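Take a walk through this structure, one region at a time.

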Amino acid sequence: MKQVHNPVREPGTDPARPLVQVDSLDVTFSARTGLLRFEQARALRGVSLEVFRGETVAVVGESGSGKTTLGRASIGQLKPSGGRVLFDGTDLATLGGQRRKAFRRRAQAIYQDPFASIDPYMTLAETLAEPLEIHGVGNRTERRERIEQALAEVRLTPVTEMANAWPHMISGGQRQRLGIARALMLQPEYLFADEPVSMVDASSRAEILHLLGELQARHGVSILYVTHDIATARHSARRIVVMYLGEIVEEGPAADVVASPRHPYTKALIASVPEPNPANRHAHRPVLPGEPPSPMHVPAGCAFHPRCPEAIPGVCDRQPVALETTGPQRRVACHLYADGAAESPPKRDPRPDIPA
Ligand code: SF4
């Protein structure tokens, strides 16, 4: 099948350089809290992260952790209030006009809600043709060929029938596969996948994640996979980044982080994964107390201390904590691992094995 040439891809790109480099990123929103009163909500606080070519990095956290904000900033949808995002070495803040349009071809998004993100008044073929038309890619015949290829790749078949179908005629899972096909139409190098399986049936989730992995292997695209589900992150990503209240609290190879979590928040996320074994249906699963605090009122010291079962009184509620290297490719932000305590084993390992 003929490939659509992407003229914005740099032929002499350095493969050792991160494709996406987030550097001390701050994102602050102004929130109205009264008739004439506004407060600053700090959605991201000093986040640094790298995504290399062809790898999947999973960003995991609860609602309000800042994971989606990070993803949106990484594709230039949000303006940082501090720090910067480099894409292939270029600061996104310096892009304007045609250079920004060219960047959009290289970085695309898959959205969480397959019902809101697909135009109900466009057929599947029209949905897939839109990005090609906006960016002036191919002639009519080439676009048709590319659309049919994309539908076949995401298994929306028979292709001719599906091309003329309307979104209301297909299921939520099929809509999400259409969203994936649309994101790949311009053959991007980077995909921000924002909870792509959280709103589809359980039966479609594994299929969509498998499909994403398959397409990544075929196209070599880098993926920032944002999810609240550490189990799917373990099986979809090479690296896991755990976020809490706008900060990275733990980072490492996916298998290591899940088998040997260090930060108490990561341990709690792993402990909350449901057990498919009926014999364990009555087993007690620890639950984190309370809700994440408001990003308008970030607690002093370690932001996790009001909910942390391992908090050290007089330390965690006073002393700020920094993300530090604690082992090969492992970083954690926790006083328990400061000053050489890094090599000590984690205190608790609630669920060493997450079922597939
Ligand atoms: Fe818990 Fe203290 Fe570590 Fe924060 S720094 S996660 S409060 S032990």
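P158 is found in the loop between α4 (140-153) and α5 (159-163). Helices (H or I, at least four residues) and strands (E, at least two) are DSSP runs, numbered from the N terminus. The peptide bond that leads from T157 into P158 is cis, its omega near 0 degrees. R155 lies in the loop between α4 and α5 as well. R155 is not a glycine, yet it has a positive phi of about 60 degrees.

This is a predicted model: local features need pLDDT of at least 70, side-chain atom pairs count only at pLDDT 80 or more, and totals for chains, interfaces and linings use all residues. Residues are numbered from 1 along each chain as its sequence is written, and side-chain values use heavy atoms, with hydrogens and water left out.

How confident is the predictor? pLDDT is its confidence in each residue, from 0 to 100. The chain averages 87, and 87% of the residues score at least 70. Over residues 1-11 the pLDDT is below 50, and this stretch has 23 contacts (heavy atoms within 4.5 Å) beyond near neighbours in sequence. Residues 342-356 also stay under 50, with 40 contacts beyond four places in sequence. Where pLDDT is low, the predicted coordinates should not be read in detail.

Now turn to the aromatic rings. The whole structure holds five aromatic pairs, counted for rings of Phe, Tyr and Trp (its six-membered ring) with centres within 6.5 Å; planes under 30 degrees apart are stacked, over 60 edge-to-face and the rest tilted. The ring centres of F87 and F103 are 5.0 Å apart and the planes stand at 75 degrees, so this pair is edge-to-face. F87 lies in strand β4 (residues 82-87) and F103 in helix α2 (residues 97-106), so the pair ties together parts 16 residues apart in sequence.

Which residues surround the ligand? Among them are H263, C302, H305, C308 and C334, where near means a heavy atom within 4 Å.

Methods: pLDDT is the predictor's confidence in each residue, from 0 to 100.
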